[in-house]
Amino acid sequence: QVQLVESGGGLVQAGGSLRLSCAASGRTFSTYAMGWFRQAPGKERGFVAAISRSGTNTRYADSVKGRFTISIDNRKNTVYLQMNSLKPEDTAVYYCNLLNYYIDSRPLSSWGQGTRVTVSS
């Protein structure tokens, strides 16, 4: 079983930056790709970004392309999401999860508590 703990969220003004971290524990971490998801108030949880276990391949939602960067450190069992040029519409609770492939957005593990990101105008 894999445990996922997100951190790094907070309150930031529009145009600012944040870096989210997702620390994973368990022997199966390096076996799977990783992804970031978010859920805004009144909306369903949606895909944000994904990365292969090697870190070579990435995929992003159109709404964050050019602004967000996903990366992975297998030695630390940690996935990051660097968020730049933040917009109020980025406000959401951000979650990470395991994926079979970076091109597959379906989460494999249970959802954690996530980390809240609030972008003010």
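A search of the whole structure finds four salt bridges, a salt bridge being a side-chain nitrogen of Lys or Arg within 4 Å of a carboxyl oxygen of Asp or Glu. The structure is a predicted model, in which local features need pLDDT of at least 70 and side-chain atom pairs count only at pLDDT 80 or more, while totals for chains, interfaces and linings use all residues. Residues are numbered from 1 along each chain as its sequence is written, and side-chain values use heavy atoms, with hydrogens and water left out.

**Salt bridges**

Side chains of opposite charge can pair when their charged atoms come close.

| Pair | Closest N to O distance |
|---|---|
| Arg67 and Asp90 | 2.7 Å |
| Lys65 and Asp62 | 3.1 Å |

Salt bridges link Arg38, Arg67 and Asp90 in a network. Strands here are DSSP runs (E, at least two residues), numbered from the N terminus.

The salt bridge between Asp90 and Arg67 also joins distant parts of the chain, with Arg67 in the loop between strand 6 (58-60) and strand 7, 23 residues from Asp90.

Asp90 counts as buried, at 1% relative accessibility; buried means under 20% relative accessible area, exposed over 50%, and partly exposed in between (1.4 Å probe, protein chains only). Arg38 is buried too, with a relative accessible area of 15%, and Arg67 is likewise buried. Asp62, which forms a salt bridge with Lys65, is exposed, with a relative accessible area of 65%.

**The open sheet**

Strands of a sheet pair through backbone hydrogen bonds, either parallel or antiparallel. In this model four strands form an open sheet in the order 1-3-8-7, with antiparallel pairing; two strands pair if DSSP finds at least two bridges between them. Strand 1 (3-7) and strand 7 (68-73) are the edge strands, each pairing on one side only. Neighbouring strands of the sheet are turned against each other by 15 degrees on average, direction ignored. The axes are lines fitted to C-alpha atoms, and angles run from 0 to 180 degrees between N-to-C directions.

Strand 3 (residues 18-25) pairs with strand 8 (residues 78-83) in the antiparallel sense over six bridges. Leu20 stands opposite Leu81 in strand 8.
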